[in-house]
Every structure is written in structure tokens, then in C-alpha cells.
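Hi,

Here is the structure for you to look over. My notes follow below it.

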Amino acid sequence: MKYPLYHFISYNRYSPSHLYYVANVSHDEEPTSYDIAAVDPKWQEAMNSELQALIDNQTSSLVPLPPSKRSISCKWVYRIKRKADGSVERYKARFIAQGFTQTAGIDYHDTFSPTAKMVTVCCLLAIAADLNWSLHQLKVNNAFLNGDLLEEIYMSPFPGLR
């Protein structure tokens, strides 16, 4: 681990449940490259799940790069999703385009990212608390795959499928 928490934090005043959480969080490492993740079955399963979602949603198709087009680089990003007690809920692999390699006016024309502002979230939580409403969390798997693109986007091949 690059920066173990025990080098920076004194644990003598924490509750046993918090110590358990910190021990769990400090134990696992997220891969920093495809080569590291590819040898671990749990990360292989996470990558297969992501690829299956891309296939199921018909997000992309494998085609040769036209001579007049340029491909956008891509990579895998890995995250360990945890429960409140710090135990592992699941391993998440996300295949992403490195959008910083795109050129405005050539690769895209407009950008739009529908996200909620933190002020809005805080207001909703305050209203819910004031009115004694119950709150539920909703997780939408692969929500980003449901948007429509008008432009043709070409990405370099998936690492691992070369």
C-alpha cells in the first residue's frame, strides 16, 4: 500500500467497529493497470461484467478505423465498492474513454453531464428530515449507457481484446 493509514492516524480512541472498518479499507488495493487486474479472478469477473453490459446495451460495435478518423484512447478504472462496515460489497471495473484526447469541433460539438449540485442534495435531505420522510437509495447499473450519441466516436481496442 502506497500510503498506509497507520502511518498518519492514531487509533487509540476509535470504537471497535471503526477499527474494523479501517482495517478492511487499508487491506485491499485497487489495481492501477489492466496487466495487474488481468491476473486476478475477481477483477476479471468485474471486467467481464462491464463488457457484457456494453454488449447487452449495444453500446458499441467492433469496426475498422476509417482512414479519415482518429481513435480516442481508453483504459480500465478499478474501484472496490464497500459496505458501511468496510467489508467488500463488489469489485467494479469501468471501461472509459480518455476524453481529454478529443478535439472540440472534430470529435464532439457539445458537452452535457446531468448531475445534481450538492446544494440541491442537501436541501432535499433537510426537507426529508424535517418532514420525517423515509429515504431510499437507488442504484442504476450502467446508467451512462442509455444516452444517445449523434456523432461517430472511434475508440482504440479494449485492453485485453487485442
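Start with K75: its bridge partner in β2 is I96. Strands here are DSSP E runs of at least two residues, helices are H or I runs of at least four, and both are numbered from the N terminus. Two strands pair if DSSP finds at least two bridges between them.

First, the ground rules. This is a predicted model, in which local features need pLDDT of at least 70 and side-chain atom pairs count only at pLDDT 80 or more, while totals for chains, interfaces and linings use all residues. Residues are numbered from 1 along each chain as its sequence is written, and side-chain values use heavy atoms, with hydrogens and water left out.

**The hairpin**
Strands β1 (residues 74-82) and β2 (residues 88-97) run antiparallel, joined by nine bridges. They form a hairpin with five residues between them. In the turn, G86 has a positive phi of about 95°.

**The aromatics**
Rings of Phe, Tyr and Trp (its six-membered ring) pair if their centres lie within 6.5 Å; planes under 30 degrees apart are stacked, over 60 edge-to-face, the rest tilted. That rule gives four aromatic pairs. One of them, W76 with Y78, is stacked, at 6.5 Å centre to centre and 20° between the planes. Ring pairs link W43, W76, Y78, Y91 and F95 into a cluster.

Are W76 and Y78 buried or exposed? W76 is buried, at 7% relative accessible area. Y78 is buried too, at 1%. Buried means under 20%, exposed over 50%, and partly exposed in between (1.4 Å probe, protein chains only).

**Helix α3**
E50 sits in α3 (residues 41-56). This residue is buried, with a relative accessible area of 2%. E50 and A93 are 43 residues apart in sequence, yet 6.5 Å apart in space, C-alpha to C-alpha.

**Helix α4 and beyond**
M118, V121, L125 and L135 make a nonpolar surface patch of about 390 Å². Patch residues have over 30% relative accessible area and no salt bridge; like charges are joined within 9 Å, nonpolar side chains (Val, Leu, Ile, Met, Phe, Trp, Tyr) within 5 Å. A salt bridge is a Lys or Arg side-chain nitrogen within 4 Å of an Asp or Glu carboxyl oxygen. Areas are Shrake-Rupley values with a 1.4 Å probe; for residues, only the protein chains shown count as cover. V121 lies in α4 (residues 118-130) and is partly exposed, at 32%.

N132 is in the segment after α4. Its phi is positive, near 60°, and N132 is not a glycine. Most residues other than glycine have a negative phi. N132 is exposed, at 71% relative accessibility.

Best wishes
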